[in-house]
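Hello,

Here is the structure I promised to pass on to you.

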Amino acid sequence: MLEIICKRLILAIPTLLLVTVMAFCLQKLLPGDPVLAMAGEERDPQVIQALRTKYHLDDPLPVQYYRWLTSAVRGDLGSSLRNQEPVLSLIASKLPVTLELSVLSLLIAMIIGISTGILAAVRKGSWLDHGMNALSLTGISIPHFWLGMLMILLFAVKLRWLPASGYVPPSVDLAQNLRTLLMPSLVLGSGLGAILMRHTRGAMLGVLRADYIRTAKAKGLLPLRIVLKHALRNALVPIITLCTLLFGEILGGAVLAEQVFTIPGFGKLIVDAVFNRDYAVVQGVVIVVAVGFILLNLLADLLNIVINPRMRRA
């Protein structure tokens, strides 16, 4: 297992380098000048030149990239060009909020997607199967922002059951924390649950046609035991891989949800950084997200190996 982890981490290094190069080059193509944004209304040429010299923005791009990369390897992602706060501190203050939102959204997606996918596969061709497929297509088709606005109008404005926006840390009030995150979690989780339902149904149908399932039925085992113990275990390999990828998708979707519900998380941080041309924050967020994706893929590989030991030889 340790050998597999080491191989995956070594293979991840070129991917990480490519991501940093793309992030660095793409943000340079953004319109606007961060120095002019920092200088404000009083654009004294001497002040502007001093800021360019201070942040090495006059250096050639390869030099700027090398300086940033070597600092990042040492654990220093620089300071925000806007408020001078260390980027790592900014990310550390926002990341827990987004991780909590993402975990709740993934749990909702798994509960909806896996349960309905199993039911649709077991009842293939029935009205229940057709109904689940119709619901999944609807869930995939509905845009997140539209669903979010609709839920705010219904549950916050009309019924007044849930707050329309804001965030309360769990350390302050756990019940209020869950109330503030319920709607954005449902918005993110429902759409991804629909995707997970279709993949779960397909994986279960493939397993339910296997010979060992027919043998289990011939032995007279209970249908529930056949589905949960024999079929679901073998269908879990692609489902787990998809769940880890969906977690990354949720992190990306959180950008929109946090804007709609005014949640001070990771997504709002990167949107504000892009609009303010805060290069250091954008680069820091990109590298953290890339490392997160790599670790999630590694976790998926390890879980698949635990479930199916034959994959160690793959």
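The second largest pocket has about 360 Å³ of volume. A pocket here is an open set of points on a 1 Å grid over the protein atoms alone, where a 1.4 Å probe fits, with protein on both sides within 12 Å along at least five of seven lines; lining residues have an atom within 4 Å of a point. The volume is the space filled by probe spheres set on the points, which are joined across faces, edges and corners. Of its 17 lining residues, Ile112, Leu135, Gly139, Ser190 and Gly191 are the closest to the centre.

Keep in mind that this is a predicted model: local features need pLDDT of at least 70 and side-chain atom pairs count only at 80 or more, while totals for chains, interfaces and linings use all residues. Residues are numbered from 1 along each chain as its sequence is written, and side-chain values use heavy atoms, without hydrogens and water.

Which helix gives the largest share of that lining? H8 does, with six residues. Helices (DSSP runs of H or I, at least four residues) are numbered from the N terminus. H5 (87–122), H6 (127–141), H7 and H8 each supply at least two lining residues.

H7 (residues 144–158) and H8 (residues 174–208) also pack together, at an angle of about 140° and with axes 10 Å apart. Axes are lines fitted to C-alpha atoms over the stretch in contact, and angles run from 0 to 180 degrees between N-to-C directions.

Enjoy exploring!
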